[in-house]
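Hi,

Here is the structure I promised to pass on. Have a look at it first, and then read my notes below.

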Amino acid sequence: MKKVFIATTTFGNDDPTILSLLIKEGVEYTLNPFERRLNETEIKDVLSKGIYDGLLAGLEPLTKDVLFQAKGLKVISRVGVGLDNVDQSAAGARNILIFNTPGVLTDAVAELTLGLMLAALRKVSFLDRKMHTGQWEKVSGALLKGKLVGLIGFGHIGQRVATLVKAFGAEVLFFDVCKTNSLDAQQVELEQLIRTADIISLHSSGKECLIEANEISQMKQGVIIVNTARGILIDEGALAQGLSSGKVGCAALDVFTQEPYQGPLLKFDNVIMTPHIGSSAKEARIMMEKMAVENLLKGLKG
């Protein structure tokens with residue numbers, strides 16, 4: 001009987017029948033006993049036992065050291081799109097197959113991005129906190145209509161965000177290393193986008209920091225910055241300075257360089273934070289988990 005370790009903490013919560021797909025194929029599974037993201041030592045201890053043929057992976061670090069200790073592991077099926085946490089060269093050297101679930105999160109992340117933009121513009125989180133402390137204080141916000149939205153990264157999610165904000169009457173610019181034609185947005189250089197956008201939203205798949213102190217200094221006064229892509233894309237220290245000076249009017253963040261996040265951005269009333277929930281829409285989660293299981297079974301069958 002094949003055995004699989006499920007590293008993601010909420011697998012099957014939205015649709016427990018997905019786990020029955022494994023049982024139907026005679027695959028025995030073990031759920032993550034820690035109920036949180038595993039660190040490198042923990043996932044290495046799990047996989048080094050040599051009892052697991054497959055791994056339904058989350059964001060735990062699957063480093064070279066981990067994979068070379070993962071005796072018997074044949075398949076890694078990532079429950080998600082990104083593979084930054086997987087040493088793909090090491091997996092290749094060990095003949096471990098790798099799968100991911102592209103395309104299933106487009107609507108979930110794009111709609112969260114739109115929600116964060118609207119919340120930032122209308123100061124929803126700030127006023128909600130006021131109400132919970134008994135303060136009835138009306139503060140004017142702003143409309144998305146008429147704003148210039150700049151998207152850094154224009155893959156499936158960036159393109160979907162462009163369509164959504166365009167429907168609200170916003171204008172859209174985007175920067176991407178690939179030449180892309182769009183009816184909803186105009187492609188520009190990164191410098192132009194940073195200088196002119198009222199709202200800057202990050203959707204890049206890169207691993208380099210794109211928003212540092214220099215970029216923030218060139219932005220419009222009171223700019224809104226949204227990040228639902230990767231924490232590494234923003235220098236959080238520079239962002240804190242921008243918020244303190246008023247250069248950045250609001251930041252809305254779903255991703256952070258270190259998660260769970262415990263840094264200085266917590267002290268700002270004009271920062272909206274969510275705990276990396278881009279994929280946490282029930283419909284998207286079910287689709288993603290089902291695809292991950294199907295990929296895993298395909299890999300186990302060779």
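Which residue in β4 is the bridge partner of Leu55? That partner is Ile76. Before the rest, some ground rules: this is a predicted model, so to speak of local features I need pLDDT of at least 70, side-chain atom pairs count only at pLDDT 80 or more, and totals for chains, interfaces and linings use all residues. Residues are numbered from 1 along each chain as its sequence is written, and side-chain values use heavy atoms, with hydrogens and water left out.

**The sheet**

Helices (H or I, at least four residues) and strands (E, at least two) are DSSP runs numbered from the N terminus, and two strands pair if DSSP finds at least two bridges between them. The whole sheet is open, with five strands in the order β2-β1-β3-β4-β5 and parallel pairing. At its edges sit β2 (27-31) and β5 (97-99), each of which pairs on one side only. On average, neighbouring strands here are turned by 20° against each other, direction ignored.

Helix α11 (residues 282-300) lies across β1 (2-6), β2, β3, β4 and β5, and runs at about 165° to β4. For angles, axes are lines fitted to C-alpha atoms (for helices over the stretch in contact), and the values run from 0 to 180 degrees between N-to-C directions. Contact means heavy atoms within 4.5 Å.

Glu35 is in the loop between β2 and α2, and its phi is near 55°, a positive value in a residue other than glycine. Most residues other than glycine have a negative phi, and most peptide bonds are trans. Glu35 counts as exposed because its relative accessibility is 67%; the cut-offs are under 20% relative accessible area for buried, over 50% for exposed and partly exposed in between (1.4 Å probe, protein chains only).

Glu42, in helix α2 (residues 40-47), is buried, because its relative accessible area is 14%. Leaving aside residues up to four places away in sequence, Glu42 touches Phe34, Arg36 and Arg37.

You'll find His276 in the loop between β12 and α11, where it is partly exposed at 32% relative accessibility. In the loop between β11 and β12 there is Pro260, and the peptide bond from Glu259 to Pro260 is cis, with omega near 0°.

**Lys220**

Lys220 is in the loop between α9 (213-218) and β10 (223-227) and is partly exposed, at 33%. Not counting residues up to four places away in sequence, Lys220 touches Ile194, Arg195, Thr196, Ala197, Asp198 and Lys247. From Lys220 to Leu59 it is 161 residues in sequence and 35 Å in space, C-alpha to C-alpha.

Cheers
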